[in-house]
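The sequence and structure come first.

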Amino acid sequence: MRIIFVTGGAGFIGSAFVRLILEETSDVKVINFDALTYAGNLENLKGLDPSRHEFVHGDIADRKAVFEALPENADAIFNFAAESHVDRSIESADEFLRTNVLGTQVLLDAARYKKVKRFIQISTDEVMGSLPEDDKSFFTEQSPLRPNSPYAASKASAELIVRAARKTFGLDTIITRCGNNYGPRQFPEKLIPLMIANAMNDEPLPVYGDGKNVRDWIYVEDHCRAIWEIYEKGRSGEIYNIGARNERQNIEVVKSILDILGKPYSLIRFVQDRPGHDRRYAIDPTKVETEIGWKPKVKWEEGLRRTIQWYQENQDWVERIRNGSYREYYRRLYGSRLGL
Ligand code: NAD
Ligand code: TYD
């Protein structure tokens, strides 16, 4: 059995990754290490085979907890654990630095002492900042780090300490940078699940600014499969951008959600913009396509339909979140924007 240590595996992408790996391999055991912050949810891990999946409740910035949970000679660490929402990082950045930067350093130290064979850092296209609105500029692996939000700056910092661990200590590391994910079990603070949940409840849909910001969307399972293939075939020390060549303006995304749900466009409200709002993200995935042989499988129309269907069939999952501390967050962030 190969043993992999997955951090943040109770979150949106981490839980999709764990599920995919347990389904598509037979020789991998997962140790899933997660602090269960507001974004972590054990419901996301229901039904997993306990003989191949062990959940450990712990914080990646807690050195003792990490050293205790990480087995000697583990095959890999996949570091998904992070504070992941830009709007929250604008409200307060402390947790972003603690988890995303200090937590990554703790994991790198532990990887070195426990002789972990490979360290995969799950990063984001947002570390490269914002692109102009043309059809010629794309993020490549050579694009400079130019983060604009506290979230992006913390993820860029994490990349730099991963790089340093490789250069200084010879750790086998790879960094992956993906665009915006969508799919089942995404926390409803993010654009797509927020709009789905609000539309299902006939509540206003808050679109920032003019709604023409562009994001490059990928179905979560396609991202997870890319990470696994990069782990198996990628070259040590490399960065791989992951994207599905699927740029969309936010307003187009929101209208598509309303169309699928059969709800009126009159629910859309253009609200005060996010400070420092990046205009456009667009990934050139040529390297992962040619070197690794990865290609996305799920088309946008199909992925969005599946995602909406999941939220319709799991309204109790959404409502449990909306009735908890999320309610307070929503009022803070959207109260004055929507006149609540
Ligand atoms: P998420 O917010 O849904 O989940 C984060 C998970 O990390 C949660 O389960 C949370 O409990 C856990 N966590 C947070 N702090 C922790 C700590 N100190 N110790 C242990 N666990 C902790 O995030 P997500 O959308 O699933 O993103 C996962 C990773 O992918 C992040 O590193 C993010 O930067 C990266 N990423 C996300 C996207 C996207 O579109 N969501 C795109 C590219 C990259
Ligand atoms: P988000 O899901 O927060 O991802 P990121 O900022 O990391 O790309 O937002 C995606 C896009 O949607 C971004 O341009 C901001 C915009 N947005 C809104 O217009 N309204 C909202 O309520 C949210 C959460 C996001």
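A residue counts as buried under 20% relative accessible area, as exposed over 50%, and as partly exposed in between. In this predicted model, S157 has a relative accessibility of 26% and therefore counts as partly exposed. S157 belongs to helix α5, which spans residues 150-169, and a polar atom of the S157 side chain lies 2.7 Å from the backbone oxygen of A153. The C-alpha atom of S157 is separated by 9.5 Å from that of L145, a residue 12 positions apart from S157 along the chain.

Two packed helices are described by the angle between their axes and the distance between the axes. The table sets out two such pairs.

| Helix pair | Axis angle | Axis distance |
|---|---|---|
| α6 (residues 191-200) and α8 (residues 250-261) | roughly 40° | within 10 Å |
| α8 and α10 (residues 300-313) | about 60° | 11 Å |

Because α6 and α8 cross at roughly 40°, α6 is oblique to α8, and α6 passes α8 in a right-handed crossing. On the α6 side the contact is made by L191, I192, M195, I196, A199 and M200, and on the α8 side by N250, V253, V254, I257, L258 and L261. The residues of this contact of α6 with α8 comprise 11 nonpolar, 1 polar and no charged.

With an angle of about 60°, α8 is likewise oblique to α10, and α8 passes α10 in a right-handed crossing. Here V253, S256, I257, I260 and L261 of α8 meet W300, L304, R305, I308 and Q312 of α10, and the residues of the contact of α8 with α10 divide into 7 nonpolar, 2 polar and 1 charged.

Technical notes. Residues are numbered from 1 along each chain as its sequence is written. Chains are lettered from A and ligands numbered from 1 in the order in which they are written. This is a predicted model: local features need pLDDT of at least 70, side-chain atom pairs count only at pLDDT 80 or more; totals for chains, interfaces and linings use all residues. Side-chain values use heavy atoms; hydrogens and water are left out. Axes are lines fitted to C-alpha atoms, for helices over the stretch in contact, and angles run from 0 to 180 degrees between N-to-C directions. Helices (H or I, at least four residues) and strands (E, at least two) are DSSP runs, numbered from the N terminus. Angles under 35 degrees count as roughly parallel, over 145 as roughly antiparallel, 65 to 115 as roughly perpendicular and the rest as oblique. A crossing is left-handed if the near helix is turned anticlockwise from the far one by less than a right angle, and right-handed if clockwise. Contact means heavy atoms within 4.5 Å. Ala, Val, Leu, Ile, Met, Phe, Trp, Tyr, Cys and Pro count as nonpolar, Asp, Glu, Lys and Arg as charged, and the others, Gly among them, as polar. Buried means under 20% relative accessible area, exposed over 50%, partly exposed in between (1.4 Å probe, protein chains only). A polar contact is a pair of N or O atoms within 3.5 Å; within protein, one must be able to donate a hydrogen and the other to accept it, and residues adjacent in sequence count only if both atoms are side-chain atoms.
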